[in-house]
Amino acid sequence: MPSAHDLADAARPDPSRGIFETLLVARGEPVELEAHMARLATSASELFGAEVPAAARELVQQRSRGVALARLRLDVAPGADGRLAPSVRVAQVEPALVFPAWERAVTLAAVVVRAGIGAHKWSDRRLLDQAQSDVGAALPLVLDANGDVLEVSRGNLFLVRDGTLVTPVCDGRLLPGVARSRILEVAAAEGIPVRQRTVTRNELAEADEVFASGSVRGVEPVQAYEDVRQWKEGAVTRGISARLRRLWLGEHYPV
């Protein structure tokens, strides 16, 4: 295995900068809004002992109106008075980036983050920015110091082995993704066996298919793991992507 970039000296996220959620907006509707708000509420309670301001939901819905296809980022952070305050940024998304075709499949490059980034979506992204800088055009694959596969910099990771869908267990070291949760439901509905457990680098290299999941791209196919392994387009990845795309965007896509 090639050596992974060790981010031991990179700045850990600063909780005082707050937490955030990234949502896909399609035809004026924020996708999976309830799930995102629930995760945000859990983090706000655990980190700040506070509730997400009611204005946050209203702001998301307001900024989503009339938007065809976009990425919406909702940040919640302590203000000068210590109270949590929301802010929203919206950016248009190229349709080809949402449920990307195999031609846009990514390559993974490993980085080591001891004990992972954790179960919260930190607004402070310095560590992940450093990871991206270290691996260039590849997608950072986050490993623990012992080699456990955790997640990718913009979502969760799935692998397919002998027809079974496997994803690293949410044990506090990685983000419990909204898309991840929905994909597990989709797989179960399709009769695909699912396992949530510890995944090693060797297991990743031996997988039949690999894909990443995220709240904007949906399902993102993976074509290679550095120079260790390359993959071809897989039927399980293609099928799960199609099913989730229908759930999120309906039958008529792109918008």
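Before listing elements, I noted how they are named: helices (H or I, at least four residues) and strands (E, at least two) are DSSP runs, numbered from the N terminus. I am working on a predicted model, where local features need pLDDT of at least 70, side-chain atom pairs count only at pLDDT 80 or more, and totals for chains, interfaces and linings use all residues. Residues are numbered from 1 along each chain as its sequence is written, and side-chain values use heavy atoms, with hydrogens and water left out.

**Entry 1: the largest pocket**

I took a pocket as an open set of points on a 1 Å grid over the protein atoms alone, where a 1.4 Å probe fits, with protein on both sides within 12 Å along at least five of seven lines; lining residues have an atom within 4 Å of a point. A volume is the space filled by probe spheres set on the points, which are joined across faces, edges and corners.

How much space lies in the largest pocket? I found about 800 Å³. Its lining has 40 residues, and Thr22, Lys121, Arg125, Ser153 and Arg154 lie nearest the centre. Among the elements that each supply at least two lining residues are strand 2 (19-26), helix 1 (33-48) and helix 4 (178-189). Helix 3 (126-135) is also on that list, and it gives the largest share, four residues. I sorted the lining by class (Ala, Val, Leu, Ile, Met, Phe, Trp, Tyr, Cys and Pro nonpolar; Asp, Glu, Lys and Arg charged; the others, Gly among them, polar).

Of its 18 lining residues, Pro100, Ala101, Glu233, Arg238 and Ser241 are the closest to the centre. Which helix gives the most to this lining? I noted helix 6, residues 235-249, with five residues. The lining divides into 10 nonpolar, three polar and five charged residues.

**Entry 2: strand 6**

I then turned to strand 6 (residues 106-112), where six of seven residues are buried (under 20% relative accessible area, 1.4 Å probe, protein chains only). For pairing I required at least two DSSP bridges between two strands. Strand 6 runs parallel to strand 7 (residues 139-143) over five bridges, with Ala110 partnered by Leu141. Three bridges pair strand 6 with strand 14, also in the parallel sense, and Val106 there meets Val222.

Notes: Buried means under 20% relative accessible area, exposed over 50%, partly exposed in between (1.4 Å probe, protein chains only).
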